[in-house]
Amino acid sequence: MKLANLAGRPVVVREDRALDIATASKGAIEPRLEVLSDLSLHDELRALVERADEADWQPFEPRDLGRVAKPYKAIGVALNYRAHAEESGLPVPDEPSVFAKFASSVVGPYDSIVVEAQYDKIDFEAELVVVIGKEGKNISEADAWSYVAGVTAGQDVSDRKEQWRKPINQFTLPKSYDTFSPIGPYLVTLDEFADPDDIEVAGWVDDLEVQRGRTSDLIFPVPALIAWLSKRVTFEPGDLIFTGTPAGCGVRRTPRLYLTEGKVLRTEVTGVGTMVNPVVGG
């Protein structure tokens, strides 16, 4: 299934049409964003799709799509593509390195990224984002995918100057400014992918392709991340894992490329769709 947040209402999407979940269920399922990431409802959503008449599927404007999850927590993974480790001149890590992204930074697939004039080293990181679908602790790798509601596209926008400000490097705050975590445009369930461990991720700044990679290049694949993290934290429906970025982010390019007012950041995950986030001044 392809799920979405259409003007604040949860919908199922089929090509260019949307089925309003609350309406199709005659109010049995409330029009709450949390519906999308609740695995316990997914069988009922599939049943709604089967029962729906053609007239129930309505055309929609993609620009009305919002964020596909309302996370309690969002976790980012640093240096998780082998190609990114190589371009950074860093050894492949033995265990994941993680950071938090504040839930308040999460916005939609067409929302603006706000870069205030004083920030001159704002970077981009195209990512596959995993959306958790049920509560879990001490999850095994073998069971990990069964806790996933679906995947979506995301950007881990980062203030590099603040990230590396001395005397102590920090990750969470510079990656959590308001608007720095766009996700979308759809939440796509795993049965839509031939291999959920091999999904292509790409990014553009204006018309320049800056990143392209496949999740088969992840140092720690999604099941390993879920198992490792769930030893330490309890996952809840709607939680996000930003799984890492391929090679090509702005700070590793020559010359360096940063986000400034007027640029447009485009992010594509094959099988999910494309986000288009204009960069505006604050």
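Which side chains does a polar contact of 2.7 Å join to that of Glu 162, and where do they sit? One partner is Arg 165, whose side chain is joined to that of Glu 162 by a polar contact of 2.7 Å. The legends below come back to this spot and then visit several others in what is a predicted model.

**View 1**
Glu 162 belongs to helix H4. With a relative accessible area of 16%, Glu 162 is buried. Besides the contact with Arg 165, look for the side chain of Gln 170, which a polar contact of 2.7 Å joins to the side chain of Glu 162. Setting aside residues up to four places away in sequence, Glu 162 touches Gln 170, Leu 173, Pro 174 and Tyr 177. Keep Tyr 177 in mind, as the next view turns to its ring.

Searching the whole structure turns up 3 aromatic pairs. In one of them, the ring centres of Tyr 119 and Tyr 177 are 5.2 Å apart and the planes meet at 40°, so this pair is tilted. Tyr 119 sits in the loop between strand E9 (113–115) and strand E10 (122–123), while Tyr 177 sits in the loop between helix H4 (160–163) and E14, so their pairing ties together parts that are 58 residues apart in sequence. The rings of Tyr 177 and Phe 180 also form a tilted pair, with centres 4.9 Å apart and planes at 35°. Through these ring pairs, Tyr 119, Tyr 177 and Phe 180 are linked into a cluster.

Most residues other than glycine have a negative phi, and most peptide bonds are trans. Lys 166 and Pro 167 are joined by a cis peptide bond, with omega about 10°, and Pro 167 is placed in the loop between H4 and E14. Thr 179 has a positive phi, near 80°, and its place is also in the loop between H4 and E14. Thr 179 is buried, with a relative accessible area of 12%.

Ala 7 lies in the loop between E1 and E2, and its phi is positive, near 55°. With a relative accessible area of 62%, Ala 7 is exposed. Turning to Pro 255, you will find this residue in the loop between E17 and strand E18 (264–269). A cis peptide bond with omega of about -5° joins Thr 254 to Pro 255.

**View 1. Two side chains over ring faces.**
Arg 14 lies over the face of Trp 57, at 4.2 Å from the ring centre. Elsewhere, Lys 101 lies over the face of Phe 242, at 5.3 Å from the ring centre.

**View 2. The largest nonpolar core and Val 151.**
This core has 44 residues, and those touching the most other members are Val 151, Ile 226, Phe 235 and Ile 241. Elements that give two or more residues to this core include strand E1 (2–6), strand E12 (148–155), strand E14 (181–188) and helix H5 (222–230). H5 gives the most, with 5 residues. Beyond its neighbours within four places in sequence, Val 151 is in contact with residues including Leu 128, Val 130, Tyr 186, Val 188, Phe 193 and Val 272. Another core, of 25 residues, lies apart from the largest one and has Met 1, Val 12, Ile 183 and Leu 240 among its members.

**View 3. Helix H5 and what covers it.**
Is H5 enclosed or open? Here 9 of the 9 residues of H5 are buried, so the helix is largely enclosed by the rest of the structure. Among these buried residues are Pro 223, Ile 226, Trp 228 and Ser 230. Their cover includes E6, strand E7 (97–101), E11, E12 and strand E17 (240–242).

**View 4. The annotated span, residues 74–280.**
An unreviewed UniProt entry carries the annotation "domain: Fumarylacetoacetase-like C-terminal" for residues 74–280. The end C-alpha atoms of this span lie 24 Å apart, and the span is 10% helix and 35% strand.

Conventions. Residues numbered from 1 in each chain as written. Predicted model: local features only at pLDDT ≥ 70, side-chain atom pairs only at ≥ 80, totals over all residues. Heavy atoms only, no water. Core = buried A, V, L, I, M, F, W, Y, C linked by side-chain atoms within 4.5 Å. Buried < 20%, exposed > 50% of the residue type's maximum accessible area, 1.4 Å probe, protein only. Helix = DSSP H or I, 4+ residues; strand = E, 2+ residues; numbered from the N terminus. Contact = heavy atoms within 4.5 Å. UniProt positions renumbered as here; feature names shortened; annotations may be inferred. Phe/Tyr/Trp six-rings, centres within 6.5 Å; stacked < 30°, edge-to-face > 60°. Lys NZ or Arg CZ within 6 Å of the ring centre and 35° of its normal. Polar contact = N/O pair within 3.5 Å; in protein donor to acceptor, adjacent residues only side chain to side chain.
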